[in-house]
Amino acid sequence: MRERGNDGGQQAVVGKSAAVSSGHWRAVLEVRQSISGPQKALIVAVMLAVGLAISAIILILNGVQASSIFDELIVQTFFNRESLASVLVSTTPILLVGLAAAIGFRVRFWNIGIEGQIIFGGVGASLIAFYCPGSGALRLPLMGIAALIGGALWVLPTLFLKLRLRVNEIITTLLLNYVAYNFLMYLVYGPWQDPVDRFPHSAKFEAVARLPGIGFGRVDVGLLIGVAMVVVVWWLMQRSRLGFYMRFVEAKTRMAIVVGVPVISTQIAAVLLSGALSGLAGFAIAAGQEYRLTQSFALDFGFTGVVVAFLARNNPILVAVVSFLMGGLAVAGQAMKVFYQVPVAVVGLIQASIVLSIAASEFFIHHRVRFVRAC
Amino acid sequence: MQIAVVMESIHKSFDRFVALRGATFSAKWGEVHALLGENGAGKSTLMNVLAGLYLPDSGCIRINGEIVEISGPAHAKRLQIGMVHQNFKLVMPFSVLDNVLLANPGGSWRNRRSELAASIRERSEELDFNISPDAIVGSLSIAERQRIEILKGLIGGARILILDEPSAVLTDEETERMLQTLRQLAEAGACIILVTHKLNEVKQFADSVTVMRAGETVAEADPESQSVADLARLVVGEQVAEAPHRAPQLGGVQLAVRDLVAASDNGATTVRGASFEVRAGEIYGIAGVGGNGQAELAEVIMGLRAPAAGALAICGVDVTCAGPQRRRALGLAYIPADRYTFGLASSLPIAENFCVAQIRSGHYGGWTWVRGDRMRADAAEAVKAFNIAGTRNGAKAGMLSGGNAQKLVIAREFSGNPRAILAQTPTRGLDVRACAAVHENLLNARDRGAAVLLISEDLDEVTALSDRVGVMNRGRIVREFSSPVDRHQIGEAMFGHA
């Protein structure tokens, strides 16, 4: 995060200024001293529009008719009951990993290991599903708790290495993803291989170990858990004392130490929560969508979580909004693939253009471009 | 002498904040021209306009009589304008040569390097800088880094050299030397613009002075004909009265330091057996040339640095191994030297910055719910009580000017009625009025019965406030003096090699 306004506003400014000649008018770049909320929102909205425009151009170049883009991709995705249900289904895990990433970033912990934590969340849930028969009503809550614990446990070594030995968590979380993935491979090719079809995935969960639907397409209770987590994380960040401490750890760790904020405990709590939420995402996928552990049930969700948290500026409410849009993008991407034969790479390109456009808005939030007449 | 720079009716505003309202300025070749003003008077903004970092909203700049519109720092450089900023623009892991090269690229890479290395050596010798082009910037002292900035400008061909508060980071000795260098450059024909708020520097070294207040130029004067008091009046617009000294009401020992040994980040032992005691109701000042272990001593007392040996007690409780939280709970407060690193979180609201130290008391709610309304109310009260200007509802701490930021730190640190206060160069970079306010606050705390430890490199400050003065030299308290102190004896102890 960038520190701004460091010296009563005067010195914040040095360094960045450039001029580009263009005829009689000249664009001059200045560092902003402050910016209001509405201005910020406007900048982000404009950049989002730019991203959508670039996406439209990419689609037209790939043979999609200009007239059908809006109707197909926005109206059909979000305003068709069936399609909206699909959007909500793909939103669920994105929401949880987005929250997981956001809460880690809030204490300056770059959790790149969400994927590994999802896997261990899924493994924890499956452990209960397979080996803990008994009361049906308790099965799902126990699976959820096991998933939370599994995710938190998988982030623990990283946390220890960072706090004790100052090992960079970006490296360790990233590398532990491969360990987790290979462990999953071992399970699905080994002890947990499906005895029915001998395919490399686990046996199907029994009915009592599956999250029930809520009567709207394939949408299941996982979405409600996700929404509840948004509220919980919002409360934690904005209203609880832990959140208050987290703000200081994020804003200026050294200052937080000086004023007596328990920095280490705050970091431990937030990072364990980040791992636990990732584990919960594993539970939501395994128990709500796949009904088993598959080889790829966690694939790519880790990085999606990072992107969502970044776009949402680590704000839990915005995480919900961004996850919903990302879910929409995923469903629209499917439609593009199926109905327009748009290659998968192009779908990725569109997602990237939108993400980059919003990321670029950061620049215009910090800088002002002025046009002045040259003499 | 010929006029080098003229700036006429410069206006500059940032969104809604007006920084300059028709400021004027002119400086001649061959002079050291001081630009004086309080924090937030617009000095730095005006000079940033001259250096091409800001485009003014309106106004006119002439260099050598010709109207110019400075389009950016590169253009300013072509006009022979160079600026040494308060926060140096150096790449720490690079060598001096690389840094100079970065600022002055061009030509073939290999030739350019040897060419620049030669001119660094030559200039460095000429100005008695003693800087090798191969030295790594990160390993050099702050004073040396400043010299590199000056070299960078000069080698880039700057003949109008702006220095933004160059002495803020230097000790008295280093300042003296740097100002001598600037004089030397002016005598060789350059135009030196010195942005400062230290009046005696102006009096001693400047040929002429421009005074700014609230974005306007209020006076141009000859420092010869003005007394320091006159200059102070011009800067603040009214007489500033320093609080009169009251006799101390001594209590028990609140802060005891015994044979403390500590090392700095690079492993050198800088605190070597320091011992002293501070009693309730007194201000104990630690004087000394910067770099004699004061910074590490302060960090050890706050619990940010573990001592290698020795003991430390707050209110009779041994806290040698305790963390900052425990020390705070015992009644220790800290006014840090670097308020933007250790004092405030710029990106967070003023209210949160004010309340963070007290949140553990539960006054602002328990674990589940933090009482934002109570925080804002308390902060608003403190803002009023400590006369902190420039706050709006929900404003972030980073929006405060230096003096007001420091007042906010003090307001917070005093809010828990501390029993011991560690103040480390509490007035660095503050203007006359803010300085007086900080001093008065420290004296008030003393009169309330707090033990105040004042660590400062500003000898005037130490002697004016302290009831007792300890001189720190090479990591030890070498001598102690009681008020009224003899500055000459303190000076001897500071520079002595005993």
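Chain B of this predicted model has a mean pLDDT of 86, and 95% of its residues reach 70 or more. The pLDDT is the predictor's confidence in each residue, on a scale from 0 to 100. Where pLDDT is low, the predicted coordinates should not be read in detail. For the complex, the predictor gives an ipTM of 0.80 and a pTM of 0.75.

Residues are numbered from 1 along each chain as its sequence is written, and chains are lettered from A, ligands numbered from 1, in the order in which they are written. Local features need pLDDT of at least 70 and side-chain atom pairs count only at pLDDT 80 or more, while totals for chains, interfaces and linings use all residues.

Now look at the build of chain B. It holds 17 helices and 20 strands. These are DSSP runs, numbered from the N terminus: helices are H or I with at least four residues, strands are E with at least two. The radius of gyration of chain B is 24 Å, close to the 23 Å that the globule rule gives for 498 residues, so chain B is as compact as a globular protein of that length. The radius is taken over C-alpha atoms, and the rule is 2.2 Å times the number of residues to the power 0.38. Of the 498 residues, 49% count as buried, with 20 or more other C-beta atoms within 10 Å of their own, C-beta atoms being placed from the backbone.

Next come the domains, whose bounds come from an automatic or database domain assignment. In chain B, domain 1 covers 3–236, and domain 2 covers 253–344 + 400–495. Their C-alpha centres are 32 Å apart. The contact takes twelve residues from domain 1 of chain B and 14 residues from domain 2 of chain B. Two residues are in contact if their C-beta atoms, placed from the backbone, lie within 7 Å. On the domain 1 side, helix 6 (172–187) and helix 8 (228–236) of chain B each supply at least two residues. Helix 8 of chain B gives the largest share, three residues.

Chain A is also divided. Its domain 1 is 1–64 + 342–375, and its domain 2 is 85–330. Here four residues of domain 1 of chain A are in contact with four residues of domain 2 of chain A.

Definitions and conventions. A residue is buried if 20 or more other C-beta atoms lie within 10 Å of its own, exposed if 12 or fewer, and partly exposed in between; C-beta atoms are placed from the backbone.
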